[in-house]
Amino acid sequence: MKEEYCLCHLATGDMLRAAVAAKTPLGIKAKEAMDKGELVSDELVVGIIDEAIKKPSCEKGFILDGFPRTVVQAKKLDAMLEKQGVKVDKVLNFEIADSVLEERITGRWIHPASGRSYHTKFAPPKVPGIDDVTGEVLVQRKDDNANVLRSRLAAFHKQTKPVIDHYKQKGVVNTLHAEKSAKAVTEEIKEALG
Ligand code: AMP
């Protein structure tokens, strides 16, 4: 999507993990909540996004990934965009049963530098634990385990689901069948984006 539509990809989770790894003041503030699978404060993530969307690479538009996660964040985002004379064009709602997620999440391995992700069963790398493209080692996210996933899902149902209703009222939500294969979901994304 990023390449096809010349957009920048802003993933708050990736930005926060980089800040935690670099032990920046932002990372130090965010770490505790992230380790527990809870959301970090709205103020913190809104600040990150406010700064990021002003970058020249985001001029043509951006994909927000993992943001907004609360209605407060959504309203602040809408206000920020309004100031720039733009708005959220499309919301892709990847709908999936919680029960399907545990196997997907606990088998996931990531190549942090590129964001490529693999799955031990569904999308294994050619050599176990190694990125196909660079030959570098893959890592598992600290919060990609069944225990922390329970808190992440609880946060999703309580705090993030209302964000979908917020954007449904604006008529911009496309709901996708995320339990299908990666190939089928890719087709649904293309159709939703037109
Ligand atoms: P993710 O990579 O999107 O799964 O995010 C990993 C963790 O980062 C989440 O469990 C939260 O602790 C934190 N996080 C990421 N994005 C947000 C957000 N928009 N609001 C609050 N916390 C966030």
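## Terms and model

A residue is near a molecule or strand if one of its heavy atoms lies within 4 Å of that molecule or strand. This is a predicted model, in which local features need pLDDT of at least 70 and side-chain atom pairs count only at pLDDT 80 or more, while totals for chains, interfaces and linings use all residues. Residues are numbered from 1 along each chain as its sequence is written, and side-chain values use heavy atoms, with hydrogens and water left out.

## The ligand shell

Around the ligand are 16 residues, of which Thr12, Glu38, Gly66, Gln73 and Arg141 come nearest. The shell divides into 6 nonpolar, 4 polar and 6 charged residues. Here Ala, Val, Leu, Ile, Met, Phe, Trp, Tyr, Cys and Pro count as nonpolar, Asp, Glu, Lys and Arg as charged, and the others, Gly among them, as polar. α2 gives the most to this shell, with 4 residues; a helix is a DSSP run (H or I) of at least four residues, numbered from the N terminus.

## Atoms facing the ligand

A backbone N or O atom of Glu38 lies 2.6 Å from a ligand oxygen atom. For Gly66, a backbone N or O atom lies 2.9 Å from a nitrogen atom of the ligand. Gln73 places a polar side-chain atom 2.9 Å from a nitrogen atom of the ligand. Taken alone, the ligand exposes 490 Å², and the protein buries 94% of that (accessible areas by the Shrake-Rupley method with a 1.4 Å probe).

Note on methods. Polar contact = N/O pair within 3.5 Å; in protein donor to acceptor, adjacent residues only side chain to side chain. Helix = DSSP H or I, 4+ residues; strand = E, 2+ residues; numbered from the N terminus.
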